[in-house]
Structure formats: C-alpha cells, structure tokens
Amino acid sequence: MIDKKGNIIKPDFVELTRYAKQFSGLTTEKENVLLSIKEEVAPLLGAVTDNFYHTMNDIPEAASFLEGRITGLKQTHLNWMNSIFTGPYDETYTESMYNVGDIHVRVNLPVEFMSGGITLICNELYRITFDIYGNNPVKTQSIVNAVNSAMGFSLFVMQKSYHASVDEALDKFLLITGMSKALFEKLSSTFSTTNF
Ligand code: HEM
C-alpha cells in the first residue's frame, strides 16, 4: 500500500505475526523445540545452504539470478538458517522476512521461487533431522512438525511482500493517472467480461 504522497505503508508486523502464526501452527512449544536443538543442528547448516544453492544452480530458471552472487548469498542464507533455531519468532523476525521477500520482489524473482525454495530447504532440514535423531521417532516427529511450521511461517510472510508489491503498483497507477479505485474496478470488470 502507498499513501497519497506515494510513500510505502508497511503492514502492522505484530498483527502479521499473529496471522502467520495461526496459519502455520507455529506455537511457543514448537519454537522451544527449535531452540532446544540449535547446538546440535548448527554444524550441519552450512551443508544445508550449500545443497540449496547447488540444487538451484541446476534449475535453469533460477541459475541466472545467482550468477556471480553465490558466495555472498550463501553467507546471508546461512545467517538466516541459524536464526530459525535461535528465534525469537516475534514482530522483528516477521519484519525481516517481509523485507527479505521485498528484496526478492525488487530483483524480479518469480513468486513461485519462494514456495520452491522453501520446499528445497525443508527437504534438507528433514534430512538432517533424520540423520541426527532418526533413532528417536518421537523427537524426530516433534522436530519435523516444528520445522514445517517455522518454514510455513517464513514463506507466508515473504509471500505477503509479493502481494503488497502488486497493490503498490496499482496504487501508483491510480496516483499517477488520478483515476479512482471504483472507476478502475468498473473498467477492469467490464474489460474482463467483454469478448474482443
Ligand atoms: C525461499 C527461500 C529463500 C530464502 C529464505 C532466501 C533468503 C535470502 C536472504 C536472507 C537474502 C538477503 C537479503 C538481504 O540482503 O537482506 C536473499 C537475497 C537474495 N536471494 Fe534469496 N532466499 C530464498 C530463495 C531464493 C531463490 C529461490 C532465489 C533464486 C534463485 C534467491 C535469490 C536471491 C537473490 C538474487 C538475492 C540478492 C538480492 C540482491 O541483489 O540484493 N533467493 N535471499
């Protein structure tokens, strides 16, 4: 959203945190599960990041976005991976994920890269969970549930930036042209129901 002067209005991150937590099922218990394993998981996160970029480099649609940037991207990615196990999942984390989504919007990354990327990261995190805790099915189950919610939470917030950028583009168009939203909606509904 933008205001009448063209300034971007950011969402209410406290409210977005509540919303994303409800949809992803990220509870305090699950956050505590993630925090409780941070020391054991930390040494394996470098490999998670390496495998993530290795897989993406094999995807032609993704590889061109990574050219010449992989070393820097791996470092920021690893920092983010560590933050998954250190928390807290509060409005500051939500704002940072919203900004990460926004950065991807600005470099024109297709929106499906977000769900694809999170799926690849989940695959890796489940793999290391089974490697470390596979002999304890109850613990493994609780970690998989917690990782799933944390990744779902992060994806939910990143995708919010993509939707916001579409709204921003429309708001800018209305501001520049002086057209009212009501007229725009009337024109676009007429356009979409007309056979040319
Ligand atoms: C879905 C999971 C993903 C996460 C959590 C993630 C995380 C991040 C983070 C933390 C940054 C740094 C933001 C900053 O500078 O503050 C970043 C930037 C970037 N990411 Fe991702 N990323 C994801 C997916 C992808 C995918 C699938 C691609 C494309 C192949 C990609 C390409 C990039 C690029 C090109 C930048 C740098 C943008 C710039 O020029 O500043 N990311 N990402």
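Tutor: Let's start at Leu16, which counts as partly exposed because 19 C-beta neighbours lie inside 10 Å. For that label, C-beta atoms are placed from the backbone and the others within 10 Å are counted: 20 or more is buried, 12 or fewer is exposed, and partly exposed is in between. Keep in mind that this is a predicted model, where local features need pLDDT of at least 70 and side-chain atom pairs count only at pLDDT 80 or more, while totals for chains, interfaces and linings use all residues. Residues are numbered from 1 along each chain as its sequence is written.

Leu16 sits in helix α1, residues 13-24. Helices here are DSSP runs of H or I with at least four residues, strands are runs of E with at least two, and both are numbered from the N terminus. The protein has 10 helices and 0 strands. Leaving out residues up to four places away in sequence, Leu16 touches Pro11, Thr94, Val157 and Lys160; touching, or contact, means that backbone-placed C-beta atoms lie within 7 Å. Leu44 is another story: 28 residues along the chain from Leu16, with 31 Å between the two C-alpha atoms.

Now follow two of those partners. Thr94 is one of the buried residues of α7, along with Tyr93, Met97, Tyr98, Gly101 and His104. They share one side of α7, because they cover an arc of only 140 degrees around the axis, the arc being that of the directions from the helix axis to the C-beta atoms. Thr92, Ile103 and Arg106 are exposed on the other side of α7. From first C-alpha to last, the 16 residues of α7 reach 22 Å, close to the 22 Å expected at 1.5 Å a residue; the expected span is 1.5 Å times one less than the number of residues. After α7 comes Asn108, with a positive phi near 60 degrees.

The other partner, Val157, belongs to the largest nonpolar core, which has 27 residues; Leu34, Val48, Ala146, Ala150, Phe153 and Val157 touch the most other members. Such a core is a set of buried Ala, Val, Leu, Ile, Met, Phe, Trp, Tyr and Cys residues joined through C-beta atoms within 7 Å. Two or more core residues come from each of α2 (28-36), α4 (45-57), α6, α7, α8 and α9 (137-177), and α9 gives the most, with 9 residues. In soluble globular proteins, nonpolar side chains tend to be buried together.

Ile84 takes us to α6, where the buried residues are His77, Met81 and Ile84. Those three lie on the same side of α6, because their arc around the axis is only 45 degrees. Turned away from that buried side, the face of α6 carries the exposed Thr71, Gly72, Gln75 and Asn79.

One last stop is the ligand, with 18 residues around it, the closest being Ala62, Phe65, Thr76, Phe113 and Gly117; near means a backbone-placed C-beta atom within 6 Å.

Technical notes
Contact = placed C-beta atoms within 7 Å.
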